[in-house]
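Subject: Structure for your review

Dear colleague,

Please find the structure below, handed over for your use. A short account of the findings comes after it.

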Amino acid sequence: MVKLLVALIFCSSLASSEPMTRADNLWEAAYQVAQFVDWSQTRTIAQHPDRFMEYNPLLGRSPSIGRVDSWMIGGMVSHYIVSRSLNRRWRRTFQVYTALGEIAVVGNNRRVGIWLNFPLR
């Protein structure tokens with residue numbers, strides 16, 4: 001509980017009402033698209049636990065589709081909220097690193113044979 005309180009105080013000190021710039025919106029879109037592809041890939045992992053294993057420790061080795069959906073929707077919404085809340089300097093850092101991280105995850109999933117399944121099924 002103390003760690004959560006410290007994190008909230010830290011985040012509130014970084015908070016800003018500065019509007020998002022065009023570049024901020026593009027970085028946010030890059031993250032959201034990569035997260036959407038990761039969502040599809042993670043659903044594939046959940047549907048085929050005999051072929052694939054999930055490495056996100058928060059989801060577990062073979063998560064349910066419901067857990068995957070909840071996690072991904074929550075992640076996408078919270079990423080946008082955090083991005084809107086941070087001041088310009090911290091926003092860009094947050095968006096760049098999280099977008100690049102998601103792109104790396106998507107690339108790794110692609111290398112093991114998982115690509116985008118659309119619509120999500």
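The notes that follow cover the fold, the largest pocket and several individual residues.

This is a predicted model, in which local features need pLDDT of at least 70 and side-chain atom pairs count only at pLDDT 80 or more, while totals for chains, interfaces and linings use all residues. Residues are numbered from 1 along each chain as its sequence is written, and side-chain values use heavy atoms, with hydrogens and water left out.

Overall fold

The protein has 4 helices and 0 strands; helices (H or I, at least four residues) and strands (E, at least two) are DSSP runs, numbered from the N terminus. From the N terminus on, the order of elements is α-α-α-α. Of the 121 residues in the protein, 32% are buried, where buried means under 20% relative accessible area, exposed over 50% and partly exposed in between (1.4 Å probe, protein chains only). Among the contacts with a separation of 6 or more, 71% are between residues 24 or more positions apart; a contact means heavy atoms within 4.5 Å.

The largest pocket

The largest pocket holds about 450 Å³ of space. A pocket is found on a 1 Å grid over the protein atoms alone, as an open set of points where a 1.4 Å probe fits, with protein on both sides within 12 Å along at least five of seven lines; lining residues have an atom within 4 Å of a point. Grid points are joined across faces, edges and corners, and the volume is the space filled by probe spheres set on the points. The lining comprises 20 residues, and Asp-38, Glu-54, Tyr-55, Asn-56 and Val-105 lie nearest the centre. Helix H2 (22-47), H3 and helix H4 (88-111) are the elements that give two or more residues to this lining. The largest share, 5 residues, comes from H2. By class, the lining has 11 nonpolar, 6 polar and 3 charged residues (Ala, Val, Leu, Ile, Met, Phe, Trp, Tyr, Cys and Pro count as nonpolar, Asp, Glu, Lys and Arg as charged, and the others, Gly among them, as polar).

Ser-83 in helix H3

Ser-83 belongs to helix H3 (residues 65-85). Its relative accessible area is 0%, so Ser-83 is buried. The side chains of Ser-83 and Glu-28 are joined by a polar contact of 2.8 Å; such a contact is a pair of N or O atoms within 3.5 Å, and within protein one must be able to donate a hydrogen and the other to accept it, with residues adjacent in sequence counting only if both atoms are side-chain atoms. Residues up to four places away in sequence aside, Ser-83 touches Met-20, Glu-28, Arg-91, Phe-94 and Gln-95.

Thr-44 is found in helix H2 and counts as buried because its relative accessibility is 9%. Not counting residues up to four places away in sequence, Thr-44 touches Phe-52, Ile-114 and Asn-117.

Glu-102 is found in helix H4 and is likewise buried, with a relative accessible area of 13%. Leaving aside neighbours within four places in sequence, Glu-102 is in contact with Tyr-31, Ala-34, Gln-35 and Asp-38. The C-alpha atoms of Glu-102 and Ala-30 are separated by 9.2 Å, although these residues are 72 residues apart along the chain.

Yours sincerely
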